[in-house]
Amino acid sequence: MFELLRKNIEKHLSISDADFEQFIKPFYHRKIAKKQFLLRAGQICKFEGFVIKGCLRVYYLDEQGQERILYFAIEDWWITDIDSFTNNTPSILNIEALEDSEVLLITQPYKEALYAQIPMVEKLFRIMTQKTHVALQRRMISALGKTADERYLEFVEKYPQLEQRLTQLQVASYLGISHEFLSKIRKKLAKLR
């Protein structure tokens, strides 16, 4: 169960067997059935999670009640509401399983304890946070500066393993367009191939 987590860590830095054994102790395993929520808006996010199986979506409802998907998380991805988790405030986000899923979760107090026990853990999470900031910045630039066609092509290229796991409605929500418009984009691109 922890092999995927170790591979994820070692993408960023090496970790000894002893440090890894210490690192995984506070994590707990949770299964989430399809359509079950790991977090609902209004709750305080008490975890940071690592997906070992399945697919989850992180989204909020806008003022019109429309779902706005921030991101998806599949195997080998981390998931949380960083604002709620860090500031201990009610979340505006929902985290829902789109497939039967399994995650490894760690709470803030345990994460803080790991920082003190294993100094390289703080470096690990700093590196992951920086990479998350880069991804979010790129997503914002794409959303603000690219056409819907370009955003769709970028999504398909960047996340080819995701598109077949999602509904057209979910992809459209992530891209910030209607599913009807996404259908038009797909038809237009199919003709060009």
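1. The buried ones are Gln170, Val171, Ala172, Ser173, Tyr174 and Leu175. They pack against β5, α5, α6 and α9, with contact meaning heavy atoms within 4.5 Å. Just past α8, Gly176 has a positive phi of about 80°.

2. A quick caveat: this is a predicted model, where local features need pLDDT of at least 70 and side-chain atom pairs count only at pLDDT 80 or more, while totals for chains, interfaces and linings use all residues. Numbering runs from 1 along each chain as its sequence is written, and side-chain values use heavy atoms, leaving out hydrogens and water.

3. Next, the helix pair: the axes of α6 (residues 148-158) and α9 (residues 179-192) come within 10 Å and cross at roughly 75°. That makes α6 roughly perpendicular to α9 (the class for 65 to 115 degrees). On the α6 side the contact uses Ala148, Asp149, Tyr152 and Leu153, and on the α9 side Phe181, Leu182, Ile185, Arg186, Lys188 and Leu189.

4. Then there's the second largest pocket, with about 230 Å³ of space (a volume being the space filled by probe spheres set on the grid points). Its lining has 13 residues, with Ile69, Leu70, Arg139, Ala143 and Tyr174 nearest the centre.

Terms used. Axes are lines fitted to C-alpha atoms, for helices over the stretch in contact, and angles run from 0 to 180 degrees between N-to-C directions. Helices (H or I, at least four residues) and strands (E, at least two) are DSSP runs, numbered from the N terminus. Angles under 35 degrees count as roughly parallel, over 145 as roughly antiparallel, 65 to 115 as roughly perpendicular and the rest as oblique. On a 1 Å grid over the protein atoms alone, a cavity is a set of points where a 1.4 Å probe fits but cannot get out, and a pocket is an open set with protein on both sides within 12 Å along at least five of seven lines; lining residues have an atom within 4 Å of a point. Buried means under 20% relative accessible area, exposed over 50%, partly exposed in between (1.4 Å probe, protein chains only).
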